[in-house]
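Please read the following report alongside the sequence and the model. It moves from the chain as a whole to a metal site and then to a hairpin.

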Amino acid sequence: MGDGHLNKCKECTKKDSREHFNKKIQDPSFRESEKKRGREKYHRLYHGVYKTQKTTRSKYFNEYPEIKRAHQAVGSVRVGDGNHKHHWSYLTEHFKDVFVLKAADHYTLHRHILYDPDEKKFRTLDGILLGSREEHEDFMNSVIQENVVDL
Ligand SMILES: [Zn+2]
């Protein structure tokens, strides 16, 4: 109404929106879009450095502006559903040079590499710098094997 009040009591409004939600959740396309919304939120917050703890991820993300900038640079590159973009380097000239990986493989890979903010590239857990795209790719393939996706 004009005074900002709904012409309905609180309980009825609650009941209506509950029924509306229950009806919507039966709809497969709604369920899919809800799932997607959850995934996108996750991407926005944590993509780039996958650690076991949330706090570590956001710490990385905030600490290294190149990671944020690189993600912004490839933000519009579309990859298939369930796939992730992975940077082998966070140097400006490599911002758009990404590998496309299955999400699960991406997580696996990040358990085997550590970000080196001085090089803006990754190292293996043994400390070996993956200094070129080829070196990164070779190591990546040795960890996740045959699941790299072609763009
Ligand atoms: Zn990655």
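The report below begins with how the model should be read.

## Basis of the model

This is a predicted model, in which local features need pLDDT of at least 70 and side-chain atom pairs count only at pLDDT 80 or more, while totals for chains, interfaces and linings use all residues. Residues are numbered from 1 along each chain as its sequence is written, and side-chain values use heavy atoms, with hydrogens and water left out.

## The chain as a whole

The secondary structure of the chain comes to six helices and five strands, where helices (H or I, at least four residues) and strands (E, at least two) are DSSP runs numbered from the N terminus. Read from the N terminus on, these elements follow the order α-α-α-α-β-β-α-β-β-α-β.

Of the 151 residues in the chain, 30% count as buried, a term that means under 20% relative accessible area, with exposed meaning over 50% and partly exposed lying in between (1.4 Å probe, protein chains only). Among contacts in the chain with a separation of 6 or more, 43% are between residues 24 or more positions apart, contact meaning heavy atoms within 4.5 Å.

## The zinc site

The zinc ion is coordinated at 2.0 to 2.1 Å by His86 through ND1, and by His106 and His110 through NE2; donors are N, O and S atoms within 2.8 Å of the metal (3.2 Å for Na, K and Ca), and sites may look incomplete, since water is not among the atoms. Along the chain, the donors of the zinc ion follow the spacing H-x19-H-x3-H. Distant parts of the chain are linked by the pair His86, in strand β1 (residues 83-87), and His110, in helix α5 (residues 103-110), which are 24 residues apart.

His86 is buried, with a relative accessible area of 1%, and His110 is also buried, with a value of 5%. The side chain of His86 makes a polar contact with the side chain of His136 at 2.8 Å; a polar contact is a pair of N or O atoms within 3.5 Å, where within protein one must be able to donate a hydrogen and the other to accept it, and residues adjacent in sequence count only if both atoms are side-chain atoms. Not counting residues up to four places away in sequence, His86 touches several others, including Asp97, Phe99, Leu109, Phe122 and Met140.

Strand β3 (residues 113-116) and strand β4 (residues 121-124) run antiparallel and are joined by four bridges, two strands being paired if DSSP finds at least two bridges between them. Asp116 has Lys121 in β4 as its bridge partner. The two strands, β3 and β4, form a hairpin with four residues between them, and Lys120 in the turn has a positive phi of about 60 degrees.
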